[in-house]
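Morning, everyone. Please have a look at the chains on the screen, and then I will walk you through them.

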Amino acid sequence: MADAMLSLRHLCKSYGALTVTDDVTLTIPKGEFHAIIGPNGAGKTTLIHQISGLIPSGSGHVLLEGEDVTRLPLPLRVRQGLVRSFQITSILPGFSVLENVALAVQARIGTSFRFFGRAAAEERLNAPARAALDEVGLADRAETRAGLLSHGEKRQLELAIALAAEPKVLLLDEPLAGTGPEESAVLIALLQRLKGRITILLIEHDMEAVFALADRVSVLVYGRIIATGTPAEVRDNVDVRVAYLGEEVT
Amino acid sequence: MMIRREALPLLLFAFFALMPIAASFGPESYLLALVTRVMVFAIAAVSLDLILGYGALVSFGHAAFMGVGAYAVGILSSHGIKDTAIQLPVALAASAFFAVITGALSLRTKGVYFIMITLAFGQMAFFLAVSLAAYGGDDGMTLSGRSQLFGFDFIKRDRAFYYVTLVALIAAYALCRSLVVSRFGRVIRGARENPQRMAAIGFPLFHYQLAIYVIAGTLCGLAGFLMANQAEFVSPAYMTWQRSGELIVMVLLGGLGSLHGAILGAAAFLLLEEGLSGITEHWKLIFGPFLVLVVLFARGGLIGAVERLRGKGGA
């Protein structure tokens, strides 16, 4: 437990009588690539929202490196190193690709209460941004308006923005959603490269990708984690087969 | 690209700078007063464009800041304090203070609620001014003269006041221009495009939006200071909600989010008002449809129309 990077303790969330997250407890050690799978409506995205601070938790705690961040709002969690991506691509369409990433660098280093000087010309911001773009393979699109990128490229940009924030823990909400086979291959290769370097919590529908990438997998059904283990263990778990993988495996 | 973009504001400022020379061949004091008024409102419109155009915050109470700035001049001078060295800092500080209080509350709301709450604060300022019986109440009050600078009547002559106003406009414009491309301005522009994304990168937007709201309010207070001196009169009419609406119309008419568009919009609005009201007392019957046409057909306001024409010419 000493090297736990992210711990969830008895996390709950209800909307009226509907319990969306039901007593989720999970510990992710430093450097682990952890995936959460589950059928539609299992509460995966709600869980990510709670961990990232986009929505408040009903009860329970989120700990980052042992520190309780449950009460911190989203922007301050990001500054602590808990960074997320969005299921529905969330970029600044009117900004250049480079500026999208440079803003994440700007949030991380130095103050943004600086009223003079052209931010777009600051090499201190642009150089790390270019490095992040290089990492995701978008370097040659740096000057393009982000709104003009293809869907797959937008997903790459989303990752570059998250990386530029230098996360300790990266929360990825279905990074492969809506991508074609070629685009998803690019993204999977990218995630493979990140594996081990950053602690990652991934939510994903693409089972093949999950089983190929994850060190450990948790299965979420009706807001509850019903199993956690290596991909092989989870695949063989009877409960999981009944609850979720059933129709695929038989 | 850069040269083209900067050409229009330079042209505007050159026109303002040379206008008094042309005016000396005509009805000089009338023209000086009219264009001074245009420049004063241009400062207010530029400051509104900062939050409306760049921050996407539709403030429907912006005229209140003009009123606060103007009343600072009026109240101080009625007590015999007529020096700019005191009046201007007080006017700016009062506007900034009003902006901090109203902004801190308004910015907790979004969309229509933000419009309503800024309108409500604007009305509060208006009725507060109406209730100031000692300072003219409903009727307002006439100043005993323009502000001085270290005992010297530096803006007593209309032409001097005209150029002081022009300098203030250029300074306000330059400040805003620098602001919108700075790190701070980039955060504000980012929040306009996608606030959730900005929060997820690590920006607590409230702080930044409050800062831009205070900057805009303070600049508008400067316009109020000039307004009081221009008219040598202060009244609650400066902060009616209609006036706030007019400021929004100026920004939209000129073109949202370009700064010099707001200057053009203020000029077009006031000159049209002046010109049309000279033709008929029902000038709003012409002015109204004109605004509708601009909004419908010249997307991006007058600036948008100018840039489209240029684009066609260049291609």
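**Strands, domains and helices**

Let me start with one strand pair. In chain A, β6(A) and strand β7 (residues 169-173) run parallel, joined by three bridges. Leu82(A) sits opposite Val169(A) in β7(A). A word on terms: two strands pair if DSSP finds at least two bridges between them. Helices (H or I, at least four residues) and strands (E, at least two) are DSSP runs, numbered from the N terminus.

Now the ground rules. This is a predicted model, where local features need pLDDT of at least 70 and side-chain atom pairs count only at pLDDT 80 or more, while totals for chains, interfaces and linings use all residues. Residues are numbered from 1 along each chain as its sequence is written, and chains are lettered from A and ligands numbered from 1 in the order in which they are written.

Back to the strands. The pair belongs to an open sheet of six strands in chain A, ordered β6-β7-β8-β3-β9-β10, with mixed pairing. β6 (82-84) and β10 (224-229) of chain A are at the edges with a single partner strand each, so one side of each has no neighbour in the sheet. On average, neighbouring strands here are turned by 20° against each other, direction ignored. For angles in this talk, axes are lines fitted to C-alpha atoms, for helices over the stretch in contact, and angles run from 0 to 180 degrees between N-to-C directions.

Chain A has another sheet to show. This open sheet has four strands, β2-β1-β4-β5, with antiparallel pairing. Its edge strands are β2 (18-29) and β5 (67-68) of chain A, each pairing on one side only. Eight bridges link β1(A) and β2(A), which run antiparallel. Ser14(A) has Thr19(A) in β2(A) as its bridge partner. These two strands, β1(A) and β2(A), form a hairpin with two residues between them. Gly16(A), in the turn, has a positive phi of about 60°. On to the next pair: strand β1 (residues 4-15) and strand β4 (residues 59-64) of chain A are antiparallel over five bridges. There, Leu6(A) has Leu64(A) in β4(A) as its bridge partner. Helix α1 (residues 44-52) of chain A lies across β1, β2 and β4 of chain A, at about 60° to β2(A).

Next, domains. Chain A splits into domain 1 (4-81 + 167-249) and domain 2 (95-164); these bounds come from an automatic or database domain assignment. Their centres, taken over C-alpha atoms, are 26 Å apart. Ten residues of domain 1 of chain A are in contact with eight residues of domain 2 of chain A. Contact here means that the C-beta atoms of two residues, placed from the backbone, lie within 7 Å. On the domain 1 side, helix α6 (residues 181-194) of chain A gives the most, four residues. By class, that side has six nonpolar, three polar and one charged residues. Ala, Val, Leu, Ile, Met, Phe, Trp, Tyr, Cys and Pro count as nonpolar, Asp, Glu, Lys and Arg as charged, and the others, Gly among them, as polar.

Over to chain B. Which helix packs with α2 of chain B at about 170°? Helix α9 (residues 205-231) of chain B does, with its axis 8 Å from that of helix α2 (residues 28-54). That makes α2(B) roughly antiparallel to α9(B); angles under 35 degrees count as roughly parallel, over 145 as roughly antiparallel, 65 to 115 as roughly perpendicular and the rest as oblique. The contact of α2(B) with α9(B) has 16 nonpolar, three polar and one charged residues.

Helix α4 (residues 84-106) of chain B also packs with α9(B), at about 145° and with the axes 8 Å apart. The contact of α4(B) with α9(B) has 15 nonpolar, seven polar and no charged residues.

Last, where the chains meet. The contact takes 20 residues from chain B and 29 residues from chain A. On the chain B side, α7(B) provides the largest share, six residues. By class, the side of chain B that touches chain A has ten nonpolar, six polar and four charged residues.
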